[in-house]
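Visitor: Hi, I'm new to this one and would like to look through it with you. Could you bring it up?

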Amino acid sequence: MSEGKIPMENLAISLINILNRRNIFPPLFNNPESFVHPVDSKKKPFNSFMICRRNVYKESNRKGNHNMRVISKAAGILWNSASLEEKNVYKEIADRVHEIYLLRSCTFKFKLKIPFPKEPSPHPLSATNPKKDLNRSKIFFLLN
């Protein structure tokens, strides 16, 4: 390591000391709608860590730090030191975000393929299977 450079972890720890942890655990910004991308976006919904990272980002911006590398490192440290109960709050928000994402992006694209011909078959009536011929004429009648 060269002289004069501060390791990223030290910068992240100093940022964590500045942040108000009560705005991160439980999350201050906890509206699931704000974490869902627009419908035309092809991005996946946020997972629980990314929602936590977004909260750390907003809190650190309020404190005046805008360096994303430091913010991401601080979010990782905070996430790894968080209790299971604190993480579960984010997990519930992430589950709700995923539900909203599915509801918004759910488009039913299917085509109904009817294997029946619209016109009567050019084949002559079958002498071996009269039920089959009867079914064909019923289907033709229903389609027209």
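Visitor: Let's start with Tyr-90: is it buried or exposed?

Guide: Tyr-90 is buried, because its relative accessible area is 0%, where buried means under 20%, exposed over 50% and partly exposed in between, with a 1.4 Å probe and protein chains only. Please keep in mind that this is a predicted model, in which local features need pLDDT of at least 70 and side-chain atom pairs count only at pLDDT 80 or more, while totals for chains, interfaces and linings use all residues. Residues are numbered from 1 along each chain as its sequence is written, and side-chain values use heavy atoms, with hydrogens and water left out.

Visitor: OK, and how many aromatic pairs are there in the whole structure?

Guide: A search of the whole structure gives four aromatic pairs, counting rings of Phe, Tyr and Trp (its six-membered ring) whose centres lie within 6.5 Å, with planes under 30 degrees apart called stacked, over 60 edge-to-face and the rest tilted. One of them is Phe-25 with Tyr-90, an edge-to-face pair at 5.8 Å centre to centre with 85 degrees between the planes. Phe-25 lies in the loop between α1 (8-18) and α2, and Tyr-90 in helix α4 (residues 84-105), so this pair ties together parts that are 65 residues apart in sequence. Helices here are DSSP runs (H or I, at least four residues), numbered from the N terminus.

Visitor: What about Phe-49 and Trp-79, what kind of pair do they form?

Guide: Phe-49 and Trp-79 are also edge-to-face, at 5.9 Å centre to centre and 75 degrees between the planes. Phe-49 sits in helix α2 and Trp-79 in helix α3, 30 residues apart. Phe-49 is partly exposed at 24% relative accessible area, whereas Trp-79 is buried at 13%. Phe-25, Phe-49, Trp-79 and Tyr-90 form one aromatic cluster.

Visitor: Switching topic: at what angle do α2 and α3 cross?

Guide: The axes of α2 (residues 48-63) and α3 (residues 68-81) cross at roughly 125 degrees and come within 9 Å, the axes being lines fitted to C-alpha atoms over the stretch in contact, with angles from 0 to 180 degrees between N-to-C directions.

Terms used:
Helices (H or I, at least four residues) and strands (E, at least two) are DSSP runs, numbered from the N terminus.
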